Amino acid sequence: MAFEGLQERLQGTLKKMKGKGKVTEQDVKEMMREVRLALLEADVNFKVVKKFIADVKERAVGQDVLDSLTPGQQVIKVVNEELTKLMGGEQSKLQAAQKPPTVVMMVGLQGAGKTTTVGKLANYLRKEHNRKPLLAAADIYRPAAIDQLQTLGKQLDMPVFSLGDQVSPVEIAKQAVKQAKEDHQDYVIIDTAGRLHVDQELMDELQQIKEAVSPDETLLVVDAMTGQDAVNVAESFNNQLDLTGVVLTKLDGDTRGGAAISVKAVTDTPIKFAGIGEKSDALEPFHPERMASRILGMGDVMTLIEKAQTNVDEDRAKELEKKMRTNDLTFDDFLEQLGQVKEMGPLDELLEMMPGAGKMKGMKNIQVDDKQLAHIEAIVRSMTKAERDNPSLLNASRKRRIAKGSGTTVPEVNRLLKQFDEMKKMMKQMSGQQKGKGKKKGGMNMPFM
Amino acid sequence: MNFFKKLKDSISTQTDTVTDKFKDGLSKTRDSFVGAMNDLMKDYRTVDEDFFEELEDILISADVGVHTVMDLIEQLKDEARLRNIKDAKDIQPVISEKLAEMLQKSANEAAINEQPGELTVILFVGVNGVGKTTSIGKLAHQYKEEGKKVVMAAGDTFRAGAIEQLEKWGERVGVDVVKQQAGSDPAAVMYDAIQSARSKKADVLLCDTAGRLQNKVNLMNELSKVKRVLGREIPDAPHEVLLVLDATTGQNAMSQAKAFQEATDVSGIVLTKLDGTAKGGIVLAIRYELDIPVKLVGLGEGMNDLQPFDATQYVHGLFAEVLEQTDTDDENS
């Protein structure tokens with residue numbers, strides 16, 4: 001696998017550190033190397049990475065990590081926090097003009113998804129904010145770009161302003177704003193032709209449009225799959241057009257999207273929206289913290305850890321651990337753990353937060369069903385106290401009774417018994433390995449996770 | 001002979017238009033090249049760890065990809081040890097040789113697999129916005145210029161305006177377009193297109209498809225079906241399956257290449273948008289890991305700006321601008 005998450009990457013380094021008791025500066029250096037590789041593999045620009053690593057290292061060496069008992073988690077936490085900070089901290093909204101219409105201008109390279117985004121943004125403004133947008137077709141260069149916008153307008157039942165492809169884009173933009181005023185449309189979204197940031201003639205044209213209609217928002221549309229060159233593109237567009245924000249497109253792919261960091265770092269303008277699908281409603285406000293996790297390829301581990309910690313009773317966990325070692329885990333303990341997992345939230349939500357889960361083949365299509373948990377709970381609750389303590393009591397007749405009592409079937413009861421048995425075996429092995437390893441955190445002993 | 005002299009020679013001995021196109025397309029980078037190379041050698045007289053670290057940055061900044069870069073650097077270190085190279089300028093030709101070799105194992109592998117006297121079917125695949133339709137339009141123009149009869153199939157029935165876009169290219173170039181309504185089955189369009197190309201006794205059929213992200217299973221299955229339909233009508237068809245890649249794409253291009261190869265058995269790559277500052281270095285990694293050669297490159301907006309790939313020229317362009325950047329970095333620091 002070319003893309004390993006940061007967590008897997010750190011695993012190797014952490015293994016070497018185990019048993020050393022204390023983390024050295026050398027260890028931190030090694031971890032930083034892994035962080036660097038993870039970021040580079042995620043397409044974050046190498047210069048941005050260099051600076052970022054320097055910042056994180058300073059924080060890491062400055063006690064945050066060194067004194068921690070879980071340096072690996074701590075490093076991830078620091079990296080994640082710094083990354084979120086770098087990406088703008090919190091969500092940023094679209095600006096509105098004091099006097100309508102608000103003018104939004106879309107710019108970017110060819111194929112970034114400007115025209116599609118114009119349609120999606122218009123749809124978003126209408127749906128979420130009850131606005132009336134006018135779409136302006138100012139891409140007179142690409143064959144059929146105007147047709148594309150008109151088709152989108154038809155699909156969305158929204159007005160599209162076009163003067164054909166023989167009128168200058170500057171004029172089209174001007175007329176569109178005028179038209180919007182007359183028709184009392186409160187937004188004008190201008191679709192411009194894709195262009196290379198080094199094509200001076202076309203960049204000048206964008207400046208002219210900007211001067212003519214003074215847009216409230218000039219949004220750079222960036223393909224989330226963009227590599228190292230994202231900095232050059234963003235820098236150039238920003239220098240010439242003074243961007244107010246960025247839209248990141250094609251995030252429904254499997255790209256890590258490190259370009260988001262690069263673009264943010266060089267333009268210092270917020271990423272406002274993310275394109276997450278082909279349909280016209282597949283545009284959502286951008287969440288910096290989610291993007292940080294995605295770039296690191298680790299799911300929303302932070303939330304998961306937090307959830308686990310707030311829901312697990314430390315003392316009970318220790319007791320449980322002892323039971324596991326002596327192999328007398330009962331169905332009652334099982335039930336208790338089940339309760340803890342349920343308190344953490346719906347299963348599919350938890351699964352989404354698991355590192356790597358989103359990437360697993362076919363995972364997206366699996367509906368994780370909290371009903372299954374309910375079934376398991378029902379089966380255990382249909383057992384007598386004696387049966388829960390000693391599952392070997394369960395003969396065919398008892399199993400039939402339990403199946404009936406829980407509204408399930410005997411095969412289902414059997415399956416659970418088998419799983420419970422295997423779980424016990426596994427736990428015994430695990431606790432056997434961990435014996436004598438000294439300190440161990442009792443936080444995450446959830447067998448079925 | 002040192003590296004840039006060798007490169008200059010290789011460029012000046014190739015005087016055909018292909019080289020001119022390359023020179024123009026990569027002009028953003030060429031001008032500064034010789035000077036920058038001199039500077040690198042000035043900065044690094046000896047081949048040491050710092051030199052390799054700098055080289056690592058240069059390759060990574062061209063999107064070559066961490067894994068491939070690491071391997072490559074290891075190989076170069078071995079080579080340097082083996083040949084006892086100490087001087088930075090002596091390792092330059094080794095680097096360029098290695099990269100060019102990696103990209104192109106023989107000069108004619110960039111050639112399109114044409115079927116003389118019969119219908120050649122070329123299928124274009126790729127993610128959204130990489131330039132499939134534009135590449136088809138340009139290629140249609142070039143085949144037409146060569147006196148060939150060309151038919152284009154409007155297989156992107158999904159994106160708004162895609163059929164119109166190909167039709168406009170058809171008008172511009174003077175080539176027939178086979179189409180159905182928006183939203184119809186692309187495999188059915190392909191079937192029609194083959195029948196039409198046959199009855200017109202066409203030489204080349206260029207098949208457009210809708211852009212799709214490689215992790216969309218259903219859409220990838222649809223693409224496999226399109227390919228199957230072509231193969232059912234003409235054994236061996238499609239004769240080329242060209243994956244169109246945007247040069248600005250980063251590491252995700254590897255994932256694209258893998259997925260499209262699995263679904264359609266890609267035979268070559270069209271690397272578009274090389275006329276910007278992006279280098280598309282990921283094609284090195286793709287060649288290295290998946291052995292898919294680059295066949296065509298898009299070097300500009302003009303009709304003739306789609307050109308056969310030339311590894312030496314490409315490697316030249318790969319280095320130039322990054323070296324310029326390194327240059328300014330050094331000045332700043």
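Start in chain B at B:Gly147, which follows helix H8 and has a positive phi, near 85 degrees. Keep in mind that this is a predicted model.

Now select H8 itself, residues 132-145 of chain B. At 1.5 Å a residue, its 14 residues should span 20 Å, and the end C-alpha atoms are 20 Å apart, so the two agree. Colour the helix by burial. Eleven of the 14 residues are buried, so H8(B) is mostly covered. Among them are B:Lys132, B:Ser135, B:Ile136, B:Leu139, B:His141 and B:Tyr143.

Zoom out to chain B as a whole. You will find 14 helices and eight strands. Of its 333 residues, 60% count as buried. Among contacts with a separation of 6 or more, 77% join residues 24 or more positions apart. The accessible surface is about 13200 Å², with 46% belonging to carbon and sulfur atoms.

Next, show both chains. Here 37 residues of chain A are in contact with 46 residues of chain B. About 3700 Å² is buried between the chains, and carbon and sulfur atoms give 53% of that area. On the chain A side, select A:Pro143, A:Met225 and A:Glu278. These lose the most area to chain B, together 17% of what that side buries.

Finish with the polar links. The interface of chain A and chain B holds five salt bridges and 21 residue pairs in polar contact. For one salt bridge, select A:Asp147 and B:Lys168; their closest N and O atoms are 3.2 Å apart. Then highlight helices H2 (25-41), H3 (46-64) and H6 (145-156) of chain A. Each supplies at least two residues of the side that touches chain B.

Technical notes. Residues are numbered from 1 along each chain as its sequence is written. Chains are lettered from A and ligands numbered from 1 in the order in which they are written. This is a predicted model: local features need pLDDT of at least 70, side-chain atom pairs count only at pLDDT 80 or more; totals for chains, interfaces and linings use all residues. Side-chain values use heavy atoms; hydrogens and water are left out. Helices (H or I, at least four residues) and strands (E, at least two) are DSSP runs, numbered from the N terminus. Buried means under 20% relative accessible area, exposed over 50%, partly exposed in between (1.4 Å probe, protein chains only). Contact means heavy atoms within 4.5 Å. Accessible areas come from the Shrake-Rupley method with a 1.4 Å probe; for residues, only the protein chains shown count as cover. The expected span of a helix is 1.5 Å times one less than its number of residues. Buried area is the accessible area (1.4 Å probe) that two parts lose on being put together, summed over both. A salt bridge is a side-chain nitrogen of Lys or Arg within 4 Å of a carboxyl oxygen of Asp or Glu. A polar contact is a pair of N or O atoms within 3.5 Å; within protein, one must be able to donate a hydrogen and the other to accept it, and residues adjacent in sequence count only if both atoms are side-chain atoms.
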